[in-house]
Every structure is written in structure tokens, then in C-alpha cells.
Amino acid sequence: MSVKTLIAMFATVVATFAAPTIVHAAQERPAMQTATPKPTKSGHAAVNGVNYYYAVYGAGEPLLLLHGGMFHTEMFGPNLTKLAQSRQVIGVDLQGHGRTPLGDREISLVDMGNDMAGVLKKLGYDRVDVLGYSMGGGVAFQFAAQHPQMVRRLALVSTPYAQDGFYPEMLPLQAAMSAAMAEQMKETPIYKSYVAIAPHPEEFPKLLDQMGA
């Protein structure tokens with residue numbers, strides 16, 4: 001199977017699992033900014049060698065919101081706006097995503113799950129609800145398993161807990177993701193969304209290698 005075919009399949013999967021508003025937001029940064037509220041607080045929290053970007057929206061009971069792979073917190077668009085009307089939403093850009101640098105550590109759901117406890121403690125939260133989408137759901141699942149005392153309620157969206165929970169068609173895409181796709185992905189919503197805010201856009205090929213691994 002050619003790289004071009006794999007990219008086309010991957011783009012189709014993203015379009016299927018992500019809401020149309022998410023894909024449009026990734027294509028057009030001004031629209032994305034309009035669709036999401038302005039954070040009341042934002043910054044970086046260094047935990048276990050990763051300098052995580054966070055943004056806090058709204059007021060109310062705290063809700064940790066974790067995005068899907070290859071995107072960032074703003075992917076939730078109008079859903080983030082709706083949640084922030086009644087909750088204090090803590091969005092964290094996962095390792096290598098959004099405004100969080102990739103660094104030298106391998107990407108691991110187990111490690112990132114543990115990192116979320118460190119981020120929340122630095123921000124002064126003892127216990128939160130957690131909502132994770134796709135890869136963010138995997139991180140949320142690990143966080144809840146490792147630090148159950150910090151998680152009041154857990155919601156997982158489009159998140160399998162084991163590899164055999166994926167559609168079989170997804171597995172070749174995951175295995176084939178690598179830096180070899182980088183050049184041909186430059187016209188995709190994923191790449192455009194990444195370079196719009198990434199601290200080191202030149203690391204996109206390295207991110208693809210890490211995600212494939």
C-alpha cells in the first residue's frame with residue numbers, strides 16, 4: 001500500500017471520528033478561535049520532563065478535558081464552549097500536541113496518564129471529573145487507574161481499552177504512521193492545525209514517528 005493511499009485512508013478515518021466542526025476548525029484557525037471561549041487562565045506546567053500547556057475555561061465543578069491524537073484542546077470547538085458554561089474546564093495539550101513540546105521522551109499513554117496527576121496538582125486540583133476523546137481517552141483511562149482518588153467521574157469517548165477494540169482497518173494505519181508521511185500531509189487539516197500553534201513545527205515528522213511507534 002502506498003504512502004499516498006495510507007494518508008487518504010487516515011484522513012477519512014479522522015473525518016469519520018471527528019465532528020465536522022473539528023475538521024473545519026483545524027483548517028481555518030480564525031474559525032477555531034471564534035468557536036472556542038477565551039481561557040481565564042493558561043500557561044505551562046513542567047511534569048516528568050514534559051512542559052504541558054494548559055488552559056482553563058469557565059467556572060464550576062472542575063472537568064479535565066483531553067483531546068484526540070494529532071489535535072489539541074481547541075478541537076472540541078462548540079462543545080468546549082458549551083461545557084464551559086457550567087463547568088471549569090481544564091484543557092491540557094498532550095505531549096507533542098498543540099502548544100506542548102514533543103521533547104525527547106517516547107509518547108506513552110501510561111506516562112501521560114501519570115503526568116496528568118502532576119499537572120493537576122500544580123494547578124491546585126485534588127479531584128476532578130475527566131472526559132477523554134480517542135487518545136485522550138486512553139490517557140484519561142490510565143490516569144483514573146493510577147490515581148483513582150483524583151478522579152470523581154470518568155467519561156471515555158471513542159476509546160478502546162485494548163488493541164483488539166480497534167476496527168481492524170485502523171491497525172495498518174497506526175502501524176504505518178511515520179515521518180515518511182510528513183511531506184504529503186502538509187495539505188491536511190492535521191498538519192495545518194499543528195503548525196498553527198506548535199512551539200516547534202519542524203518536529204512534525206518526529207511526532208509522526210512517535211505516534212506510529
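1. Lys192 is partly exposed, with a relative accessible area of 36%; here buried means under 20% relative accessible area, exposed over 50%, and partly exposed in between (1.4 Å probe, protein chains only). Lys192 forms a salt bridge with Glu187, with 3.9 Å between the closest N and O atoms. A salt bridge is a side-chain nitrogen of Lys or Arg within 4 Å of a carboxyl oxygen of Asp or Glu. Glu187 is exposed, at a relative accessible area of 64%.

2. This is a predicted model, in which local features need pLDDT of at least 70 and side-chain atom pairs count only at pLDDT 80 or more, while totals for chains, interfaces and linings use all residues. Residues are numbered from 1 along each chain as its sequence is written, and side-chain values use heavy atoms, with hydrogens and water left out.

3. The whole structure holds nine salt bridges. One of them joins the side chains of Arg99 and Glu74 (2.8 Å, N to O). This pair links distant parts of the chain, 25 residues apart: Arg99 is in the loop between E4 and H5, and Glu74 in the loop between E3 and helix H4 (78-83). Helices (H or I, at least four residues) and strands (E, at least two) are DSSP runs, numbered from the N terminus. Glu74 counts as buried, at 9% relative accessibility.

4. A salt bridge also joins the side chains of Asp115 and Arg105 (2.6 Å, N to O). Asp115 lies in helix H5 and Arg105 in the loop between E4 and H5, so the pair ties together parts that are 10 residues apart in sequence. Asp115 counts as buried, at 0% relative accessibility. Elsewhere, a network of salt bridges links Glu61, Arg87, Asp129, Arg152 and Arg153.

5. Helix H5 (residues 109-123) has 15 residues and spans 21 Å from first to last C-alpha, close to the 21 Å expected at 1.5 Å a residue; the expected span is 1.5 Å times one less than the number of residues. Buried residues of H5 include Met112, Met116, Val119 and Leu123. Their cover includes strands E1 (41-47) and E5 (128-133), and helix H6 (135-146). After H5 comes Gly124, whose phi is positive, near 90°.

6. Phe141, Leu154, Leu156 and Tyr161 make a nonpolar surface patch of about 420 Å². Tyr161 lies in the loop between strand E6 (151-157) and helix H7 (170-176). With 73% relative accessibility, Tyr161 counts as exposed. Patches are made of residues with over 30% relative accessible area and no salt bridge, joining like charges within 9 Å and nonpolar side chains (Val, Leu, Ile, Met, Phe, Trp, Tyr) within 5 Å.

Methods:
Contact means heavy atoms within 4.5 Å. Accessible areas come from the Shrake-Rupley method with a 1.4 Å probe; for residues, only the protein chains shown count as cover.
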